[in-house]
Amino acid sequence: MPFCFRHLLLTSFLAAILTGCIDDDTPAEWSLPTGSLLPDFCVTTSEGNEVSSSSIKGKQAVITFFNTDCADCRHELPEIQKASDTCSSLEMDVEFLCIAREEDEASISRYWSSTGLTLPYSPQPDRRIYNLFANTGIPRIYIVSPDLRVTAAFTSVTAASIINALNTTDRFTE
């Protein structure tokens, strides 16, 4: 393999790794690992509803942190939408909530409209809520049990893996 081609291939590979949404300036760490209690938080959704850790107590939840400029998030959000639609059709009582990391209402609303997403979201101009859950990296998807324990955490997910995690959540509740 010619040197120039190998160099180009290596440079392209490194560029892809270094520009991914999951990577920030520091190594990705799960601040809120599986088994942890959900932190106390409160946000207002795009639908005007207030959602807090206490308001979701007693039901399962899927909480996603995202930014629409993140290619990985743009890949994951439709999967989360599919999972939400499946839960709705199966009449599962699951709260889906997408919380922005450093993104405003107008930007998110444009993206939601252009992609047909219907998930409730909460714009956040900073990392205040995000930092309760993680230090680095998006997307972050948390599956939460009725007793407010994190039962699964993902950076990459399919609708099927969300449904599977929700169906096994009862094993973790007290």
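1. Let me start with helix H3 (residues 71-89), whose buried residues are Cys-73, Glu-76, Leu-77, Glu-79, Ile-80, Gln-81, Ala-83, Ser-84 and Cys-87. Buried here means under 20% relative accessible area, exposed means over 50%, and partly exposed lies in between, with a 1.4 Å probe and protein chains only. An α-helix has 3.6 residues a turn, so residues three or four places apart point the same way. The cover over the buried residues of H3 includes S3, S4, H4, strand S6 (140-144) and helix H6 (159-167). Helices (H or I, at least four residues) and strands (E, at least two) are DSSP runs, numbered from the N terminus.

2. A word on the basis of all this: it is a predicted model, in which local features need pLDDT of at least 70 and side-chain atom pairs count only at pLDDT 80 or more, while totals for chains, interfaces and linings use all residues. Residues are numbered from 1 along each chain as its sequence is written, and side-chain values use heavy atoms, with hydrogens and water left out.

3. On confidence, pLDDT is the predictor's own score for each residue, from 0 to 100. The protein chain has a mean pLDDT of 86, with 79% of its residues at 70 or more. Residues 4-20 have pLDDT below 50, and this stretch has three contacts in the model beyond near neighbours in sequence. Contact means heavy atoms within 4.5 Å. Residues 23-27 also stay under 50, with eight contacts beyond four places in sequence.

4. The expected span of a helix is 1.5 Å times one less than its number of residues. For the 19 residues of H3 this should give 27 Å, and the end C-alpha atoms are 28 Å apart, which agrees. After H3 comes Glu-91, with a positive phi near 55 degrees.

5. Now the sheet. Five strands form an open sheet with mixed pairing, in the order S5-S4-S3-S6-S7. S5 and strand S7 (150-154) stand at the edges with a single partner strand each, so one side of each has no neighbour in the sheet. Two strands count as paired if DSSP finds at least two bridges between them.

6. Strand S4 (residues 94-100) is mostly covered, with seven of its seven residues buried. Val-94, Phe-96, Cys-98 and Ala-100 point one way from S4, while Glu-95, Leu-97 and Ile-99 point the other way. S4 runs parallel to strand S3 (residues 60-66), joined by seven bridges, and Gln-60 stands opposite Val-94. S4 also pairs with strand S5 (residues 121-122) in the parallel sense, over two bridges. There, Tyr-121 is the bridge partner of Cys-98.

7. Four of the five residues of S7 are buried, so S7 is largely enclosed by the rest of the structure.

8. Two loop threonines are worth a look. Thr-45 sits in the loop between strand S1 (42-44) and strand S2 (50-52) and is buried at 7% relative accessibility. Leaving aside neighbours within four places in sequence, Thr-45 is in contact with Val-51, Leu-97, Pro-120, Tyr-121 and Ser-122. Thr-68, in the loop between S3 and H3, is buried at 6%. Not counting residues up to four places away in sequence, Thr-68 touches Arg-74, Glu-103, Ser-107, Ile-108, Tyr-111 and Trp-112.

9. How many disulfides are there? With a disulfide defined as a pair of cysteine sulfur atoms within 2.5 Å, the count is zero. As for the setting of individual cysteines, Cys-42 is partly exposed at 37% relative accessible area, whereas Cys-87 is buried at 1%.
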